[in-house]
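Work through the exercises below with the sequence and the model open. Each task is followed by a solution in steps.

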Amino acid sequence: AGHDDDIATWKGDADAAAKVRAIDKAEYDATHKDYSESVDALERAIAVLKQQAHDRPQASFAQVSALRSLSLFPDDAKRTLDLFLAQESEPTGLDVSAPDAYGYEFQSHGVIDVLSKLHDKFMDERTKLEKEEMNSKHAHEMLVQDLTAQIEQATQDREEKAGAKAKHLQGKADAEGDL
């Protein structure tokens, strides 16, 4: 009876560990996807800004403004981006009457720096997340392996005990039959 209780407990532990692991994996997948999308969007935005790092007439910054919709994009970076994009707007009032040589002089090196730092931060956090996931997966595998070994050992012990008991009872019955 002791082995049966242990086996039932260990099987319950293994099932619970599998459920926890499934939840952890789902959380990891969602977070990793967010970081990957953010890193990709930052790389595209930085590339667009670097590509347009010259004085020029009116330019489109759709890639840059798309960063605002990312869930991991911090509020302070959104404010910096808003200030940058506000510089891109059409001139109004007296500004219209005196056009510059260029419609826009490139002044977004600061924005590129902010986006690059944010890119590095997200890469570091994604790498840390991946390491934590590997450690969590390894710990789960070790736990399952340990529980499986305990279950197998208890099952073997139970079977040996049952075999010995049956052999003992058979010997006792044979001895009583001989009387």
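**Exercise 1. Describe the fold pattern of the protein chain.**

Solution. Read along the sequence of this predicted model, the pattern is α-α-α-α. Residues 24 or more positions apart account for 79% of them.

**Exercise 2. Summarise burial and surface for the protein chain.**

Solution. Start with burial: 25% of the 179 residues count as buried. Then take the surface. The accessible area of the chain is about 12100 Å². Carbon and sulfur atoms hold 53% of that surface.

**Exercise 3. Classify the aromatic pair formed by Tyr35 and Phe122.**

Solution. Two quantities describe a pair of aromatic rings: the distance of the centres and the angle of the planes. For Tyr35 and Phe122, the centres are 5.8 Å apart and the planes stand at 65°. Planes over 60 degrees apart count as edge-to-face, so the Tyr35 and Phe122 pair is edge-to-face. The count by this rule is one aromatic pair.

What does the pair tie together? Tyr35 lies in helix H1 and Phe122 in helix H4, so the pair links parts 87 residues apart in sequence. Both residues are buried.

**Exercise 4. Decide whether His140 and Glu159 are buried or exposed.**

Solution. First, locate them. His140 is in helix H4, and Glu159 also lies in H4. Second, apply the cut-offs: buried is under 20% relative accessible area, exposed is over 50%. His140 has 19% relative accessibility, so His140 counts as buried. Glu159 has a relative accessible area of 51%, so Glu159 is exposed.

Third, check their surroundings. Not counting residues up to four places away in sequence, His140 touches Ala17, Ala18 and Arg21. Glu159 and His3 are 156 residues apart in sequence, yet their C-alpha atoms are 9.8 Å apart in space.

How values were computed:
Residues are numbered from 1 along each chain as its sequence is written. This is a predicted model: local features need pLDDT of at least 70, side-chain atom pairs count only at pLDDT 80 or more; totals for chains, interfaces and linings use all residues. Side-chain values use heavy atoms; hydrogens and water are left out. Rings of Phe, Tyr and Trp (its six-membered ring) pair if their centres lie within 6.5 Å; planes under 30 degrees apart count as stacked, over 60 as edge-to-face and the rest as tilted. Helices (H or I, at least four residues) and strands (E, at least two) are DSSP runs, numbered from the N terminus. Buried means under 20% relative accessible area, exposed over 50%, partly exposed in between (1.4 Å probe, protein chains only). Contact means heavy atoms within 4.5 Å. Accessible areas come from the Shrake-Rupley method with a 1.4 Å probe; for residues, only the protein chains shown count as cover.
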